[in-house]
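This report sets out a residue-level description of one protein chain. Please keep the sequence and the structure at hand while reading.

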Amino acid sequence: MTKGILIAGTHSGVGKTTVSMGIMAALKHRQLKVQPYKVGPDYIDPSHHTAICGRPSRNLDTYLMGTEGVRQTVARTSADADIAVVEGVMGLFDGIDSTEVASSAHVAKTLDIPVILVINVHGMSRSAAALLKGYSEFDPEVRVAGVILNQVGSPRHAELVKNSLPGNIPIIGTIPRRKDIEVPSRHLGLYMAHEKDYNTAEMAAFIEENVDLDAVLELAEPCSVSEAEVVQSLDTDLKIGVAWDPAFCFYYRDMFDAFRDNGGEVVFFSPMTGEVPDVDGIYLGGGYPELYAETLENSETTQKLKGLAADGLPIYAECGGLLYLCGTYEVDDRFYKLADVVPANTRMTNRLKALGYTEARPLDKNFSSRNIRGHEFHYSITECDRDAKFAYEMIRGKGIQDGFDGLIEHNTLAGYMHSHPASFPVDKFVQKCREYRKR
């Protein structure tokens, strides 16, 4: 079994993403095959992992996937790797509804791998010992095996902190403050990987200088995973277009795998450049359409989607994809005409409108016979026509309007909820694509 390590923080903002990326880069620089993972429903950090490691980063989320789903994903994707590096989410023990579910700790326990705890020691010295004591003893099943001190002010500061910490947990790194290594952020999180030029050699050298990479490798332990299920993939008999450009870039790699397992060949295309692929279905993920609204308004893709949808082409859209399919899109007091596929108009706001995990009950059993779990994160408001039809009712989360989500028009389904193939009925969507192809 592949050895793994989980890099967690005491809370958000301690620098665990920068540390995780740096360790991945340093291990890759040593010619190791590094399989990256990210705890939680995150699209942005995995894009950086993928760019650094040259392997698709996968999400591990015990709420969306269940513990067995997490083990299966690791079993399926890490078999040929030298080491699995898992980046945590928020603070080590932060889960859903004050539980451990969906926390970094829960994933560490699920995979039975040790944790390297990142502590931001800016503005403290001996207090770091109290933090470490609490985090290392809070849950005996979570093994804090090493500590990395981040944002160290000086060698003297590093010594003050080191001398105060207990000796039973090794300090494997002291990282000085360095702004140029950090990834800048904006309203939905960090900038995406395609927006940053990586100097992985410099990043790797910085970590090699300040972190004991040999200790990281020694601390890693075999991941506890189930035997990977053998999926009998259907023969590819149709094509599914996936929008992929700076405007639409939020996807789970597992969704692409699910399409392929169900007989769908994934064909990437760019709405921003006006591409209109010859496909049997379209998947529009989330992203940043608000940053490229004018380009999308003038795109040939935008102009042709309404006709394709009316013809019955199956289209599934999430969040940014939903906004793209609306009639008008208001951004910074300017209105843009977009695809006009669903009976709604939308506008960006300067305040967060929804954030968190979701669960939805399908209103039509032909769509799905089970509840769908996902998450929502957006700064927009979408206002629907009075006769709008919805696919599901929200048990958890806000949805589009009055606790409902998933606008239905023709064979189009568009909602705020980002879903995961662990519960989303991929097989039914692909079947709709197959029926469209055979018409």
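Cys-319 is buried, with a relative accessible area of 8%; here buried means under 20% relative accessible area, exposed over 50% and partly exposed in between, with a 1.4 Å probe and protein chains only. The model is a predicted one, in which local features need pLDDT of at least 70 and side-chain atom pairs count only at pLDDT 80 or more, whereas totals for chains, interfaces and linings use all residues. Residues are numbered from 1 along each chain as its sequence is written, and side-chain values use heavy atoms, with hydrogens and water left out.

The UniProt annotation "active site", from an unreviewed entry, covers Cys-319. Such annotations may be inferred rather than shown by experiment. Cys-319 is found in the loop between strand S16 (315–318) and helix H12 (320–325); helices (H or I, at least four residues) and strands (E, at least two) are DSSP runs, numbered from the N terminus. Not counting residues up to four places away in sequence, Cys-319 touches Phe-377, His-378, Gly-415, Tyr-416 and His-418, contact being heavy atoms within 4.5 Å.

The unreviewed UniProt entry also lists residues 239–421 as "domain: CobB/CobQ-like glutamine amidotransferase". Over residues 239–421 the chain is 17% helix and 43% strand, and the end C-alpha atoms are 18 Å apart.

A nonpolar core is a set of buried Ala, Val, Leu, Ile, Met, Phe, Trp, Tyr and Cys residues joined through side-chain atoms within 4.5 Å. The table describes two such cores.

| Core | Residues | Members, among them |
|---|---|---|
| Largest nonpolar core | 63 residues | Phe-259, Leu-284, Leu-322, Leu-325, Tyr-392, Leu-407 and Phe-424 |

Leaving aside neighbours within four places in sequence, Leu-407 is in contact with residues including Leu-322, Val-342, Cys-384, Phe-390, Ile-400 and Leu-413. In soluble globular proteins, nonpolar side chains tend to be buried together.

Two further helical regions may be described. Helix H2 (residues 44–53) is mostly covered, with nine of its ten residues buried; among them are Ile-44, Pro-46, His-48 and Ile-52. Just after H2, Gly-54 takes a positive phi of about 70°. Elsewhere, Thr-67, Val-70, Arg-71 and Val-74 in H3 meet His-106, Thr-110 and Leu-111 in H4.
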